[in-house]
Amino acid sequence: METDPEPVADSPVNPWWWFGLDLACVLVFALVGMLMHGSALSEYFQTAWPFVVGLAVAWMAPGTRDVPLIIWPTGVIVWAVTTAVGLALRWASGDGVSGAFPLVTAIVLAVLLIGWRVVPEVVERRRARRARYL
């Protein structure tokens, strides 16, 4: 009977490096969104800050810094909290959250914040598969 390999849990890299990668994803999300809508770059901080705060809140969740590479629960928690807090702060500050914006935000942030965590998982599964045949 074949079993799946254990998820990638530990990383010898400082967890703040992984936070930096998540932060880069959030900042790219804000920049691309602005460029797609023709917004002025002078509005970048106003666009990005709610989601940066949401990401910081997400990284305060217990265990997030301990196992930052795993998809579940870390990746999903980081995505869900970043999205929910970011949208709530955006709404509270008077910026728009109408129409398809919340859905597009959730999808794009899922692809970015969960998506990069798929790479170490795939690498680990390939290593485990190769090790079985050696």
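Me: Is Arg 127 buried or exposed?
Reply: This is a predicted model. In it, Arg 127 counts as exposed, because its relative accessibility is 54% and the cut-off is over 50%.

Me: Which residue does the Arg 127 side chain meet in a salt bridge?
Reply: Glu 124. The N to O distance is 3.9 Å. Glu 124 counts as partly exposed, at 26% relative accessibility.

Me: How are Glu 124 and Arg 127 placed in helix H5?
Reply: They are three residues apart, so about one helical turn separates them.

Me: How many salt bridges does the count come to?
Reply: Three. Another one joins the side chains of Arg 125 and Glu 121, at 3.3 Å from N to O. Those two are four residues apart in helix H5, so again about one helical turn separates them.

Me: Switching to the core. Which residues touch the most other members of the largest nonpolar core?
Reply: Val 26, Phe 51, Leu 55, Trp 59, Val 78, Leu 109 and Leu 113. The core has 15 residues. H1, helix H2 (44-58), H3 and helix H4 (101-113) are the elements that give it two or more residues. H1 has the largest share, with five.

Me: What does Leu 55 touch, beyond its neighbours up to four places away in sequence?
Reply: Phe 19, Asp 22, Leu 23, Val 26, Val 78 and Thr 82. Asp 22 is also the salt-bridge partner of Arg 117.

Me: Where is Thr 82 found?
Reply: In helix H3, residues 71-92. Thr 82 is buried, because its relative accessible area is 0% and the cut-off is under 20%. Beyond four places in sequence, its contacts include Val 26, Phe 51, Leu 109 and Leu 113. Gly 54 and Ala 58 are also among them.

Me: What about Val 81, buried or partly exposed?
Reply: Partly exposed, with a relative accessible area of 24%. Val 81 is also in helix H3. Leaving out residues up to four places away in sequence, Val 81 touches Gly 54, Val 57, Ala 58 and Gly 86.

Me: How far apart are Val 81 and Gly 63 in space?
Reply: 14 Å, C-alpha to C-alpha. In sequence they are 18 residues apart.

Me: Last topic, pockets. What volume does the largest pocket have?
Reply: About 440 Å³. It is lined by 19 residues. Gly 33, Met 34, His 37, Thr 47 and Phe 101 lie nearest its centre.

Me: Which elements supply at least two residues of that lining?
Reply: H1, H2 and H4. The largest share of the lining, seven residues, comes from H1.

Me: And the lining of the largest pocket by class, what does it have?
Reply: Ten nonpolar, six polar and three charged residues.

How values were computed: Residues numbered from 1 in each chain as written. Predicted model: local features only at pLDDT ≥ 70, side-chain atom pairs only at ≥ 80, totals over all residues. Heavy atoms only, no water. Buried < 20%, exposed > 50% of the residue type's maximum accessible area, 1.4 Å probe, protein only. Contact = heavy atoms within 4.5 Å. Salt bridge = Lys/Arg side-chain N within 4 Å of Asp/Glu carboxyl O. Core = buried A, V, L, I, M, F, W, Y, C linked by side-chain atoms within 4.5 Å. 1 Å grid on protein atoms, 1.4 Å probe; cavity = no way out; pocket = protein on both sides within 12 Å on 5 of 7 lines; lining within 4 Å. Points joined across faces, edges and corners; volume = space filled by probe spheres on them. Nonpolar A, V, L, I, M, F, W, Y, C, P; charged D, E, K, R; others polar.
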